[in-house]
Amino acid sequence: ATGIMSWLGLGGGGPQADELQRFEQQLQELQREDSLTTFNALVERCFFNCCNNFSTSDVDRVEELCVNRCFEKYMLTQARLMRAYAEQNALRSDEQQQLEQRAAELQQQSEQQP
């Protein structure tokens with residue numbers, strides 16, 4: 001078992017394992033499609049912003065530098081966004097844990113009162 005199934009401890013067949021496997025395959029396909037869409041949009045953007053000289057089939061030095069900067073800027077921006085997303089996700093998780101802990105404490109207090 002791999003991926004989600006092994007993480008959940010489901011090693012063998014059965015309806016749940018089959019359903020999880022289908023879900024994992026669909027998730028992988030969606031991720032692949034999203035990656036291709038993002039990559040194609042990036043290529044299109046960098047091409048239109050950087051490639052202006054069509055008098056030759058060669059990419060000149062200025063165009064090459066522009067495309068490299070375009071891709072690098074995109075990758076740095078994506079990394080920054082992913083860090084910010086991970087930080088926000090961690091904060092939300094901490095807040096959720098605190099809320100759940102407080103709810104459990106209140107529940108326990110209400111059960112102890114006559």
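This is a predicted model: local features need pLDDT of at least 70, side-chain atom pairs count only at pLDDT 80 or more; totals for chains, interfaces and linings use all residues.

Colleague: Which cysteine forms a disulfide with Cys-70?

Modeller: A disulfide is assigned when two cysteine sulfur atoms lie within 2.5 Å. The sulfur atoms of Cys-70 and Cys-46 are 1.8 Å apart, and the two residues form a disulfide. Cys-46 is buried too, at 1% relative accessible area.

Colleague: Is the disulfide of Cys-46 and Cys-70 left-handed or right-handed?

Modeller: Read the torsion about the S-S bond. For Cys-46 and Cys-70 it is about -80°, so this disulfide is left-handed. Cys-46 lies in helix α2 (residues 15-50) and Cys-70 in helix α3 (residues 61-112), so the pair ties together parts 24 residues apart in sequence.

Colleague: How many disulfides does the structure hold?

Modeller: The structure holds two. The other link joins Cys-50 to Cys-66, with an S to S distance of 2.0 Å. Its torsion about the S-S bond is -65°, which is left-handed. Cys-50 is in helix α2 and Cys-66 in helix α3, so this pair ties together parts 16 residues apart in sequence. Both Cys-50 and Cys-66 are buried.

Colleague: What pattern do the disulfides follow?

Modeller: Count the bonded cysteines along the chain: the pattern is 1-4, 2-3. Cys-51 is in no disulfide, and the nearest cysteine sulfur, that of Cys-50, is 6.2 Å away.

Colleague: Is Cys-51 buried or exposed?

Modeller: Cys-51 has a relative accessible area of 12% and is buried, the cut-off for buried being under 20%.

Terms used. Residues are numbered from 1 along each chain as its sequence is written. Side-chain values use heavy atoms; hydrogens and water are left out. Helices (H or I, at least four residues) and strands (E, at least two) are DSSP runs, numbered from the N terminus. Buried means under 20% relative accessible area, exposed over 50%, partly exposed in between (1.4 Å probe, protein chains only).
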